[in-house]
Amino acid sequence: MLRIAVPNKGSLSDTAAQMLFEAGYTGRRDPRDLHTPDPRNDVEFFYLRPRDIATYVGSGALDVGITGRDLLLDSGSPATEVAELNFADSTFRFAGPSDRFSELSDLAGVRVATSYPGLVGDFLREKGIEVELVKLDGAVESAVRLGVADAVADVVSTGATLRAAGLSIFGPVILQSTAVLIRSAEEKPGVATLLRRLQGVLVARQYVIMDYDIRVSLLEQATRVAPGIESPTVSPLHDPEWAAVRVMIPRAETNHMMDALYEIGARAILVSSIHAARL
């Protein structure tokens with residue numbers, strides 16, 4: 001039975017649970033449950049702190065897990081990243097008083113506060129810069145104002161929180177993180193099935209099915225606009241001058257493609273969501 005680690009709280013938790021549900025797995029019904037077997041799919045779920053998942057998987061106590069790339073790298077775990085899951089995206093940057101810091105080399109010899117000492121330490125060592133890392137569990141933007149550190153390294157979205165603390169972003173991006181599927185050194189047979197199912201969920205979220213009718217004489221022009229994954233499915237209609245077309249298109253391009261197809265002459269254009277897919 002495949003043992004899967006799932007975040008029990010935080011920004012990773014709800015989306016990870018929803019992805020597993022859409023992939024056909026039975027999750028926990030009570031948020032207090034820490035262990036849920038799913039014998040129908042030959043798996044069992046262990047609900048853990050996101051920061052601990054890489055450690056459990058890396059040790060071989062659990063087979064696979066969902067966590068953040070940032071947490072994986074910060075842990076120093078030997079667990080291996082299998083695939084990106086495209087949620088919980090985050091960007092790590094350095095920040096400090098603008099009158100003191102403008103480039104990465106300005107950090108040499110100063111105190112840097114962060115909740116990710118392993119990740120930040122590895123990055124700085126690769127750049128040949130020595131600092132004193134100050135580990136904090138949260139709210140690192142207050143560290144400079146309170147005199148605990150000279151600069152910080154933290155997750156940045158708009159930068160508004162840092163600016164409010166009197167800090168400016170500088171230097172290169174430390175890491176672009178996202179949720180990832182990780183596995184232990186010993187790859188179990190069920191991992192491939194889990195990965196294929198999760199990738200099917202990602203495809204279903206990124207694509208839609210578009211159906212439309214078009215004159216046969218305009219078919220080649222229309223298929224250049226929406227070529228699909230492999231090739232469109234074309235079916236004859238009762239009127240031999242018309243054909244019905246079904247094609248898989250990127251969700252983000254839906255309205256642009258509908259506009260372009262209508263301009264060409266397509267009619268009865270319909271769009272349907274995909275619940276699951278295998279490519």
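Helices (H or I, at least four residues) and strands (E, at least two) are DSSP runs, numbered from the N terminus. You're looking at a predicted model, where local features need pLDDT of at least 70, side-chain atom pairs count only at pLDDT 80 or more, and totals for chains, interfaces and linings use all residues. Residues are numbered from 1 along each chain as its sequence is written, and side-chain values use heavy atoms, leaving out hydrogens and water.

UniProt lists 49-199 as "domain: ATP phosphoribosyltransferase catalytic", in an unreviewed entry. UniProt positions follow the numbering used here, feature names are shortened, and annotations may be inferred rather than shown by experiment.

**Gly166.** Stay in that stretch and pick Gly166, in the loop between helix H5 (160-164) and strand S10 (168-177). Gly166 is partly exposed, at 47% relative accessible area (buried is under 20%, exposed over 50%, partly exposed in between; 1.4 Å probe, protein chains only). Leaving aside neighbours within four places in sequence, Gly166 touches Pro97 and Arg145 (contact means heavy atoms within 4.5 Å). Pro97 is 69 residues away along the chain, yet the two C-alpha atoms are separated by 6.5 Å.

**H1 and H6.** Now show helix H1 (residues 13-22) with helix H6 (residues 190-206): they pack at an angle of about 100°, axes 9 Å apart. That makes H1 roughly perpendicular to H6 (65 to 115 degrees; under 35 is roughly parallel, over 145 roughly antiparallel, the rest oblique). The axes are lines fitted to C-alpha atoms, for helices over the stretch in contact, and angles run from 0 to 180 degrees between N-to-C directions. For side chains, display Thr15, Gln18, Met19, Leu20 and Glu22 in H1 against Leu194, Leu198, Val201, Leu202 and Arg205 in H6.

Residues 204-275 are 29% helix and 40% strand, and the end C-alpha atoms are 6 Å apart.

**H8.** Within it, go to helix H8 (residues 254-264), where Thr254, Met257, Leu261 and Ile264 are buried. Look down the axis of H8: the buried residues fall within an arc of 90°, so they line one face. The arc is taken from the directions from the helix axis to the C-beta atoms. Those residues pack against strand S12 (207-215), helix H7 (219-225), strand S14 (242-250) and strand S15 (267-273). Finish at Gly265, which follows H8 and has a positive phi, near 135°.
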